[in-house]
Each structure stands twice: as structure tokens, then as C-alpha cells.
Amino acid sequence: MAIQMILCVETKKSADTDSIYILDTINRWYKVDNKIKISKINMNSKSRYNSKNVEREIAQKKKAFVIGDTRVIYFIDTD
């Protein structure tokens, strides 16, 4: 069974400052192969974690992934 990991990050798509650290951490805990699909959603702000646009995008990605389970992970700085 496959797993989809949806990573919700607070940065803008153009900035993309944390992806290298996030992917490095994922590679330490998971064997990333054809059974793991990684999708990313840029929230543009930490306060948009529950906005309609973010929730809609999560729902679309979950619906499109029919071959396994989906896990949604939020990456939000505490600054």
C-alpha cells in the first residue's frame, strides 16, 4: 500500500526556504521510494493553516490519491 504525504509549509512558493531541511528529515525517517508520494502545499502564512484554499487543496490531493493512505503534516515555525 502506498502513502501520500502532504506537506503544508508556511512559506511562499517563491521563497521555499525550508524544503531542504524538511526533505532531509523525511529521508531520515522514511525510505522514500515509489510507495511514498510527497506533495507540498505552500500556505504563504502560518495563519492560513485552516483557510478554505488550503483545506480545498488538501481535499483535492486526497481525492486524487486512490492507491493508499494520506497523511497531512503542517510545518509551522514558532517565531
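Where do R28 and D24 lie, and how many residues apart are they? Both are in helix α1, four residues apart, about one turn of the helix. The legends below describe a predicted model, in which local features need pLDDT of at least 70, side-chain atom pairs count only at pLDDT 80 or more, and totals for chains, interfaces and linings use all residues. Residues are numbered from 1 along each chain as its sequence is written, and side-chain values use heavy atoms, with hydrogens and water left out.

**View 1. The salt bridge between R28 and D24.** The side chains of R28 and D24 meet at 3.5 Å, N to O. A salt bridge is a side-chain nitrogen of Lys or Arg within 4 Å of a carboxyl oxygen of Asp or Glu. R28 is exposed, with a relative accessible area of 66%, while D24 is partly exposed at 38%. Buried means under 20% relative accessible area, exposed over 50%, and partly exposed in between, with a 1.4 Å probe and protein chains only. Helices (H or I, at least four residues) and strands (E, at least two) are DSSP runs, numbered from the N terminus.

**View 2. The salt bridge between K40 and D16.** The closest N and O atoms of K40 and D16 are 2.7 Å apart. K40 lies in strand β2 and D16 in the loop between β1 and α1, so the pair ties together parts that are 24 residues apart in sequence. K40 is partly exposed, at 31% relative accessible area, and D16 is partly exposed too, at 32%. A search of the whole structure finds two salt bridges.

**View 3. Strands β1 and β2 with helix α1.** β1 and β2 (residues 36-42) run parallel and are joined by seven bridges. Two strands pair if DSSP finds at least two bridges between them. I6 has S39 in β2 as its bridge partner. Together with helix α1 (residues 19-29), the strands β1 and β2 make a right-handed β-α-β unit. Right-handed means that, with the strands pointing away from the viewer, the path from the first strand over the helix to the second runs clockwise.

View 4. I58 is buried, at 9% relative accessibility. Leaving aside residues up to four places away in sequence, I58 touches I6, C8, I41, V72 and Y74. Contact means heavy atoms within 4.5 Å. The C-alpha atoms of I58 and S39 are 9.6 Å apart, and the two residues are 19 apart in sequence.

**View 5. The segment before β1 (2-9), where M1 is placed.** M1 is exposed, with a relative accessible area of 73%. Not counting residues up to four places away in sequence, M1 touches K35, I67, G68 and D69. The C-alpha atoms of M1 and I76 are separated by 29 Å, and these residues are 75 apart along the chain.

**View 6. The loop between α1 and β2, with V32 and D33.** V32 is partly exposed at 37% relative accessibility, and D33 is partly exposed at 33%. D33 and A2 are 9.7 Å apart, C-alpha to C-alpha, and 31 residues apart in sequence. V32 belongs to a nonpolar surface patch with L23, W29, Y30 and I38, with about 490 Å² of accessible area together. Patches are made of residues with over 30% relative accessible area and no salt bridge, where like charges are joined within 9 Å and nonpolar side chains (Val, Leu, Ile, Met, Phe, Trp, Tyr) within 5 Å. Accessible areas come from the Shrake-Rupley method with a 1.4 Å probe, and for residues only the protein chains shown count as cover.
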